[in-house]
Amino acid sequence: MNNPKISVFLDERSRTTLHRIAAIMYFLTITTLVVDILYRQIALGQTYRDFHDLAIIMTINVLVYLIAILYLGVFNFKKLHLPVMALIYVVLLILSSLLGLILDRFTTLHEYLSYLFRSGSVALILLGLYALAAYTGQKRLSHLSE
Amino acid sequence: MDWSQQELAEQVGVARQTIGLIENGLYNPSLDLCLRIARALNKTLNDLFWEETNNE
């Protein structure tokens, strides 16, 4: 009696296809999360405090995604320019303060300034992390390509 | 060399379908796989993958 071998294996084409599917599914998952958050806010009238769990998942996802992109050298930086980083920081600050104004509805200036200080610190830490990932990634790539 | 797709696939370590898709121009193999196919068939990359254009 024949004992048929299981002949399912992953070759390079299967792996490429799997990676492509994973990328599309990741995009769909993140998009669904964004739509869900918007639905909760707009249709159900929830505040973002009601879906902290989703916000944390999205934040970690985006954080890891961007760090991976920078570390693995998807973008090629000749040099990390300080003025460009300062500009990115200012844009992040403006965006987060606008978001705070829309979502938080501050009653006093003190509340707003306190929020601005917190979001400014977080943006600075994020920018530092991204710069570190990009720098170490470039170093790693230069070392590998020598 | 008169190999079937299955035999070539086994030689280079991929699925038969992958060889078929490469032949039909529906999958771009990696350079590593191109080299393995060329070695298995005892041909050069030019022999296997170079496309002659009509206007040359």
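A helix here is a DSSP run of H or I at least four residues long, and helices are numbered from the N terminus. The model is predicted, and what follows is computed from its atoms.

Start with A:Ser96. Buried means under 20% relative accessible area. A:Ser96 has 16% relative accessibility, and therefore counts as buried. Its side chain reaches the backbone oxygen of A:Leu93 at 3.0 Å. When neighbours within four places in sequence are left aside, A:Ser96 is in contact with A:Tyr115 and A:Ser119.

Now take chain A as a whole. It has four helices and zero strands, and from the N terminus on its elements run α-α-α-α. Of its 146 residues, 20% count as buried. Among the contacts in chain A with a separation of 6 or more, 65% are accounted for by residues 24 or more positions apart.

One helix pair in chain A can be followed residue by residue. Two packed helices are described by the angle between their axes and the distance between the axes. For helix H1 (residues 12-42) and helix H2 (residues 52-71) of chain A, the axes come within 11 Å and cross at roughly 145°. The crossing of H1(A) past H2(A) is left-handed. On the H1(A) side, the residues that meet H2(A) are A:Tyr26, A:Ile30, A:Leu33, A:Val34, A:Asp36, A:Ile37 and A:Arg40. Their counterparts in H2(A) are A:Leu54, A:Ile57, A:Met58, A:Asn61, A:Val62 and A:Tyr65. By residue class, this contact of H1(A) with H2(A) comprises 10 nonpolar, one polar and two charged residues.

Chain B is next. It also has four helices and zero strands, and its pattern along the sequence is α-α-α-α. Of the 56 residues of chain B, 29% count as buried. In chain B, residues 24 or more positions apart account for 28% of the contacts with a separation of 6 or more.

Within chain B, consider H2(B), which spans 16-23. Its buried residues are B:Thr18, B:Ile19, B:Gly20 and B:Ile22. These pack against H1 of chain A, and also against H1, H3 and H4 of chain B. Just after H2(B), B:Gly25 takes a positive phi of about 70°.

Helix H3 of chain B covers residues 31-41, and in it B:Leu33, B:Cys34, B:Ile37, B:Ala38, B:Ala40 and B:Leu41 are buried. Why are they on the same side of H3(B)? They cover an arc of only 165° around the axis, and therefore fall on the same side of the helix.

What covers the buried residues of H3(B)? The covering elements include H1 of chain A, along with helix H1 (5-12), helix H2 (16-23) and helix H4 (45-49) of chain B. Just after H3(B), B:Asn42 takes a positive phi of about 60°.

Note on methods: Residues numbered from 1 in each chain as written. Chains lettered and ligands numbered in written order. Predicted model: local features only at pLDDT ≥ 70, side-chain atom pairs only at ≥ 80, totals over all residues. Heavy atoms only, no water. Axes fitted to C-alpha atoms, helices over the stretch in contact; angles between N-to-C directions. Helix = DSSP H or I, 4+ residues; strand = E, 2+ residues; numbered from the N terminus. Left-handed = near helix turned anticlockwise from the far one by under 90°. Contact = heavy atoms within 4.5 Å. Nonpolar A, V, L, I, M, F, W, Y, C, P; charged D, E, K, R; others polar. Buried < 20%, exposed > 50% of the residue type's maximum accessible area, 1.4 Å probe, protein only. Arc of directions from axis to C-beta. Polar contact = N/O pair within 3.5 Å; in protein donor to acceptor, adjacent residues only side chain to side chain.
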